[in-house]
Amino acid sequence: MTAKATDTAAAGGVLERFNSVQVYVHAVLAVSIFILWVTGLPMTFNEPLGWIIELIGYSNLVDVHIASGVALIGVMLYYTAYMGLGLVTGNSTFGHVMFWFDDIQEAIQNVKWLAGLGDEPDSGKYTFLQKAEIWIIAFEVGVMIVTGLVMWFIGMRATTSPNLPMLIMRDIHAIVAVTMLMGVAFHLFMTHVKEFPMDGSMFHGQVD
């Protein structure tokens, strides 16, 4: 556990995982991604999920999908600027999500703990698994944004449909979306659902 995390835990038994900005960014990110799934998956898998299209209407589904995509891009640009400003002012939390040598030690100790050969390891603001989740989700969101924008650009300029570049982008977009859905399900279980009835750090930013 880092010195700051140790001091915080010793002082009141509570560690701040998210500050107020991060709580709101996490909320907008989660809601926009959820809506993108609800509206995007029926367009890709229209046979099993066609009832959603019938319920909402295809044009409405596309409009909501685009609006959610714009919200996702907006919040990612905002948070990138926020992190950049933090680096300039020296108040960045970027260091908390970077991998350090301590994370390797924590991972080894975690394996020993799971095997019954040692104690559960201490961690800092984020565990090594949570850091990995953050970087994987950030990569997946980046791919989703790029492929979504490329599909929009190709769709606006294409004279024939479908075309090979559009099909390639669509398949990459769909594969990453489904992969991300599985990853977020794992994230929800490991971070929130596992602690009965539910860990509420996504709402107030604090953990024991």
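1. Let me start with T93: its relative accessibility is 16%, so it counts as buried (buried means under 20% relative accessible area, exposed over 50%, partly exposed in between, with a 1.4 Å probe and protein chains only). T93 sits in the loop between α4 and α5. Its C-alpha lies 9.6 Å from that of F18, although the two residues are 75 apart along the chain.

2. A word on the ground rules. This is a predicted model, in which local features need pLDDT of at least 70 and side-chain atom pairs count only at pLDDT 80 or more, while totals for chains, interfaces and linings use all residues. Residues are numbered from 1 along each chain as its sequence is written, and side-chain values use heavy atoms, with hydrogens and water left out.

3. Now the overall layout. The protein has eight helices and two strands; these are DSSP runs numbered from the N terminus, with helices being H or I of at least four residues and strands E of at least two. Read from the N terminus, the order of elements is α-β-α-α-α-α-α-α-α-β. Of the 208 residues in the protein, 33% are buried.

4. I56 is partly exposed, at a relative accessible area of 34%. Together with W51 and L55, I56 makes a nonpolar surface patch of about 360 Å². For reference, patches are made of residues with over 30% relative accessible area and no salt bridge, where like charges are joined within 9 Å and nonpolar side chains (Val, Leu, Ile, Met, Phe, Trp, Tyr) within 5 Å. The accessible areas come from the Shrake-Rupley method with a 1.4 Å probe, and for residues only the protein chains shown count as cover.

5. Next comes α4, with 32 residues. From its first C-alpha to its last it reaches 46 Å, close to the 46 Å expected at 1.5 Å a residue (the expected span is 1.5 Å times one less than the number of residues). The buried residues of α4 are L61, H65, S68, G69, L72, V75, M83 and G86. Just after α4, G90 has a positive phi of about 80°.

6. V141 is in helix α6 (residues 128–157) and is buried, with a relative accessible area of 2%. I73 counts as partly exposed, at 25% relative accessibility.

7. How many aromatic pairs does the structure hold? There is one. The rings of Y79 and Y82 have centres 5.6 Å apart and planes at 20°, so the pair is stacked. The rule here is that rings of Phe, Tyr and Trp (its six-membered ring) pair if their centres lie within 6.5 Å, with planes under 30 degrees apart counted as stacked, over 60 as edge-to-face and the rest as tilted. Y79 and Y82 are three residues apart in helix α4 (residues 58–89), and are therefore separated by about one helical turn. Y82 is partly exposed, at 25% relative accessibility.

8. Helix α5 (residues 101–114) has 14 residues and reaches 20 Å between its first and last C-alpha, close to the 20 Å expected at 1.5 Å a residue. D103, E106 and N110 are its buried residues. Seen down the axis of α5, these fall within an arc of 55°, so they line one face of the helix. F101 and V111 are exposed on the other side of α5. G116 follows α5, with a positive phi near 75°.

9. Finally, the charged side chains. A search of the whole structure finds one salt bridge, defined as a side-chain nitrogen of Lys or Arg within 4 Å of a carboxyl oxygen of Asp or Glu. Here the side chains of D171 and R170 meet at 3.3 Å, N to O. D171 is partly exposed, at 38% relative accessible area, and R170 is partly exposed at 43% relative accessibility.

Key:
The arc is that of the directions from the helix axis to the C-beta atoms.
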